[in-house]
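Here is a friendly walk through one protein model, taken as a set of how-do-you-know questions.

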Amino acid sequence: MPPPVLEPDRQRWQHTRKSEQLFPSIPWIELLFYFVSFWSGCFYSLYRFYRTSQRWGQYLPVTPIEDSWFGSRQDQTDLEWYVWPPIILSYAPWAFLHIVLAQLIRRFCPQHLCRFYIVFSVYMIIPLIGRVGTGLCFAVPSVMFVVLLTRSKVIIWLTWCLILILFNTQFFISYLESWVEDIPEGDYKVSVMVAWIILRSLSFCLEVCDTDPEGVLSPLPLLTTLLGYCLYLPFVCTGPYMPFTDFQAGLLLPYKEWTLKRVLGMVLQIIRFLWWMGFTQALLFHFYAHSLHFTPELVRKMTSWSMAGFVYFLTAFLQLKYVVLYGLPSVIARVEGYDPPRHPRCTLMTYRFSDIWRYFDHGLYRFMLKHIYIPWVGADNSLIRQVQGTALVFTFVYVWHGVSTQVFWWATINFFGVFAEKLGDYISRMPAYETWESRWFPGSWQRRLHGLAAVCLYVPSLAALTIFLSNLENAFAITTRIFISGFPECTLSTFFFMFCLGQCSMELQNWKIRQKDKHKSS
């Protein structure tokens, strides 16, 4: 099954992105002021939150740690970080064995590579999630494969939704907890692994519908490829999501001879991500942001600076966590010949709301763009059609991340943020507005105006992030502090620092565009 070529619609979207336009320049002394102000505020807020964490540590559900260089207490309440990094480290010897065996099979009998992925992964995940959990990992792609035989994308999408909703019902969760009650955090591990498998199964089915709409390919090799894709060991637990077309392209690559440069590159990349793992682990000895999820009354008692540090740490920790959880498995996949999506880039210095989704989880972004947004919008690039496509994308985000109240509000705020951005783009392209803006806000004043407009998106994004990374109560406490109890000092301070962030982000965007143009010209 040959990989499909890049769709014309996708090529069109790639060349008309608003974020590829240069912003007007501003004086360097003004830019320096924004840069110093923003980062000074960030580091000072972190310092104040550190002091608050240490002072309240005795009242928080943190874990006493003996004989540690970093401190006597550690916040271990982030379940994702508590579960997966120890598993990744314990599986390290098996990962190297996986590399060796996969390379031998690729060299001498590449037609059996997917069978090897299936057998090796089963051997590894049975001790991790038990026989029932492993059976569910097989059941989901098997059901999706049966539905694939219809070659109907509508039925495939409906089946995908039903499976996800089933896995999120209290009825199923109670049974799952009883099935894996002897395995530590067994229900959580199974839920995460199955969620990734559901997404990969959907990707596989949609791609096959595009490349083999008549169903001429033999079912058994297709099923083997599907199971090999879903159970590929480096990504089976933590992701990232790699589109099936990328997996297939790597699967078809010939064996590549090992060189000293290739070995050293792999070792350096592993050391790099292990360093970030150690750094992230050390931070949890000093900042207890996740423990505050369970004590919203303490969040309400924080000073405004400590609240700012609380939100900033949650955002930075999310970034570091997925750099590790996506980065280490990607090293293994890249060594084995695949081209997985790169680990999350820093989204703090991102000017446009939509680019946060593009740069944080690029694999998931590509899936939503290719299989949801572009098919719906198509050749009709009207604002209404774009808004409809955006609504479908965030409906997908809501369903896949779990149909909970917390995820609903997070996805809803993000939808309105992207909608406001698209509306702003639409208005800015109107001739009447362009004439008005060029007359009253020439040159650098246009950039300052756009920075003020961006603040209206940055501030709601703080609430959305807190909802997703903490809970609704803490998000409400922070929003209340900014706009009500902290008015006007906290309100104006927040807007000022967000304005500084916007100007720094625009300058970074200009630098990226100039570097890209320079690379093209050379």
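Q: What makes F396 a residue with contacts beyond its neighbours in sequence?
A: Contact means heavy atoms within 4.5 Å. Setting aside residues within four places in sequence, F396 is in contact with W157, W160, L199, L364, F367, M368 and I372.

Q: How do you know that the span of α13 agrees with its number of residues?
A: At 1.5 Å a residue, the 32 residues of α13 should span 46 Å, and the end C-alpha atoms are 47 Å apart, so the two agree.

Q: Why is α13 called mostly covered?
A: Buried means under 20% relative accessible area, and 27 of the 32 residues of α13 are buried. Just after α13 comes G337, with a positive phi of about 105°.

Q: Why is S121 called buried?
A: The cut-off is under 20% relative accessible area; S121 has 0% relative accessibility, so it counts as buried. S121 is found in helix α5 (residues 113-148). Not counting residues up to four places away in sequence, S121 touches L231, Y232 and L233. Of these, Y232 is 111 residues from S121 in sequence, yet the two are 6.8 Å apart in space, C-alpha to C-alpha.

Q: What is there to say about the span of α19, and where is its kink centred?
A: Helix α19 (residues 444-469) has 26 residues and reaches 36 Å from its first C-alpha to its last, close to the 38 Å expected. A kink of about 25° in α19 is centred on A454.

Q: How do you know that the chain is as compact as a globular protein of its length?
A: The chain has 21 helices and two strands. Its radius of gyration is 24 Å, close to the 24 Å that the globule rule gives for 522 residues, so the chain is as compact as a globular protein of that length. Of those 522 residues, 52% count as buried.

Q: Where is the pLDDT below 50?
A: The mean pLDDT of the chain is 89, and 96% of its residues reach 70 or more. Over residues 1-17, though, the pLDDT is below 50, and this stretch has 34 contacts in the model beyond near neighbours in sequence. Where pLDDT is low, the predicted coordinates should not be read in detail.

Key
Residues numbered from 1 in each chain as written. Predicted model: local features only at pLDDT ≥ 70, side-chain atom pairs only at ≥ 80, totals over all residues. Heavy atoms only, no water. Helix = DSSP H or I, 4+ residues; strand = E, 2+ residues; numbered from the N terminus. Expected span 1.5 Å × (residues − 1). Bend = angle between axes of the 7 residues up to and from the residue. pLDDT = per-residue confidence, 0-100. Rg over C-alpha atoms; globule rule 2.2 N^0.38 Å. Buried < 20%, exposed > 50% of the residue type's maximum accessible area, 1.4 Å probe, protein only.
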